[in-house]
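The report that follows looks at the overall make-up of a chain and then at two of its residues. Please read it alongside the sequence and the coordinates.

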Amino acid sequence: MDETGSIDIEDYGPYAIYAAFLQLDINYSFARCLDALQMFDDVATGRSAREVYPGEVHSAVITKQSVIVQHLFLDDRRVEVPFNIALEALEQFAVLLLSRPLPPGAVRVYRPDLPRLHGELHLWESTWKRPHPYRGRLGIPTQGSE
């Protein structure tokens, strides 16, 4: 992350398409990141055998063995990443998003009375009617935002 809060994804060799997925489809949205973390956790714990993250530029199919990322408009832009490598990169991206300051003049519409992360968690948990599986991990609070 640079001094302006922009996250720069370097060339990650064979996983560059996965890095592009993180940058373009998760982007700076912690809400989207919470969705992706939940999908990975559901697969890792066996709650789901397969999850599909439908991004705006890429689609990611998540299984316990691997994550297959396919560009939606360019057929030759596809990569298969081992699950553990993809999860580690997503978790690192989530930590970066948590530490990223809000841009100057940003207006929070949903629950501006709560700290940003608590507001995002409240929205996610209100929508999905379950506690987020990453509570207590990656700096995501165990309690609060209820």
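Buried means under 20% relative accessible area, exposed over 50%, and partly exposed in between, with a 1.4 Å probe and protein chains only. At 42% relative accessibility, L74 therefore counts as partly exposed, whereas H58, at 0%, counts as buried.

This is a predicted model, in which local features need pLDDT of at least 70 and side-chain atom pairs count only at pLDDT 80 or more, while totals for chains, interfaces and linings use all residues. Residues are numbered from 1 along each chain as its sequence is written, and side-chain values use heavy atoms, with hydrogens and water left out.

The protein chain holds four helices and four strands, which from the N terminus run α-α-β-β-β-β-α-α; helices (H or I, at least four residues) and strands (E, at least two) are DSSP runs, numbered from the N terminus. Of its 146 residues, 42% are buried.

| Residue | Element | Relative accessibility |
|---|---|---|
| H58 | strand β2 (residues 58–63) | 0% |
| L74 | loop between β3 (66–71) and β4 (78–82) | 42% |

The side chain of H58 makes a polar contact with the side chain of D25 at 2.6 Å, a polar contact being a pair of N or O atoms within 3.5 Å, where within protein one must be able to donate a hydrogen and the other to accept it, and residues adjacent in sequence count only if both atoms are side-chain atoms. Leaving aside neighbours within four places in sequence, H58 is in contact (heavy atoms within 4.5 Å) with residues including I17, F21, Y53, V69 and L72.
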